[in-house]
Amino acid sequence: MRIDVLTIFPDLIRDVLKYSIPRRAIDAGLVDVVAHDLRDYADDKHKTIDDSPYGGGAGMIFKPEPIAHALKALPSGGHVVFLTPQGRPFTQSVANALSLTDHLILLCGHYRGIDERVREHYVDDEISIGDYVLSGGELPALVVVDALIRLIPGAIGDAESALEDSFQNGLLDCAWYTRPREFEGATVPQALLSGDREKVAQWRRDNARQRTRARRPDLLESQ
Ligand code: ADE
């Protein structure tokens, strides 16, 4: 899988991917993530990428040309995703579907947004990571990249663990415990100490269901 990220802060993208599972997946060649500086595609000597909106108003708009130039410089056929609070909500099932894409291009906006014409002609998909407004699309792009990398076969040590993540079966994850057996007077549920695999599996299923009912009943309703 290849992921290109178009941004005015390429180092922010590169730096965050130097840690943990994304780093290992990239080093192992399971995914190629390339961050491109949109300013490199600006056509004036000041490397201008934004301008004020026609009709007036506060805030700046990304000009269409640098985005179009950057996209044309990439191999064709990539699925272009614009990160925006106006996009469709990012969920585990969206992540699962996107993880099947060979080539993803994530476009990070800033300020008020991007020129509508470039959005209409070049963007295939728009994604929001939640109903709040961030300063730019970089953190959302990193959220998407991280969620996708977890799903690439081989990216996670234990092959089953991505499938057991919260949301993969429409439920929140169960509670987990490790040593010591007793911590500040609190013990570990007996079923987990029983050594009986079926009992452990049953406890985890029940616990996941109880947690989902208590914290996110909406997830149960949509099942
Ligand atoms: N850009 C700014 N806020 C965002 C959000 N919530 N999701 C995706 N992109 C964004």
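Which residue of β6 is the bridge partner of I3?

1. A word on the basis first. This is a predicted model, in which local features need pLDDT of at least 70 and side-chain atom pairs count only at pLDDT 80 or more, while totals for chains, interfaces and linings use all residues. Residues are numbered from 1 along each chain as its sequence is written, and side-chain values use heavy atoms, with hydrogens and water left out.

2. Now to the opening question: the partner of I3 in β6 is L104. Strand β1 (residues 2-7) pairs with β6 in the parallel sense over five bridges; two strands pair if DSSP finds at least two bridges between them. Helices (H or I, at least four residues) and strands (E, at least two) are DSSP runs, numbered from the N terminus.

3. Strand β5 (residues 79-89) also runs parallel to β6, joined to it by five bridges. Here V81 has L106 as its bridge partner.

4. Please look at how β6 is covered. Six of the six residues of this strand (residues 103-108) are buried, so β6 is largely enclosed by the rest of the structure. Buried means under 20% relative accessible area, exposed over 50%, and partly exposed in between (1.4 Å probe, protein chains only). On one side sit H103, I105 and L107, and on the other L104, L106 and C108. In a regular strand the side chains alternate between the two faces of the sheet.

5. With 35% relative accessibility, L12 counts as partly exposed.
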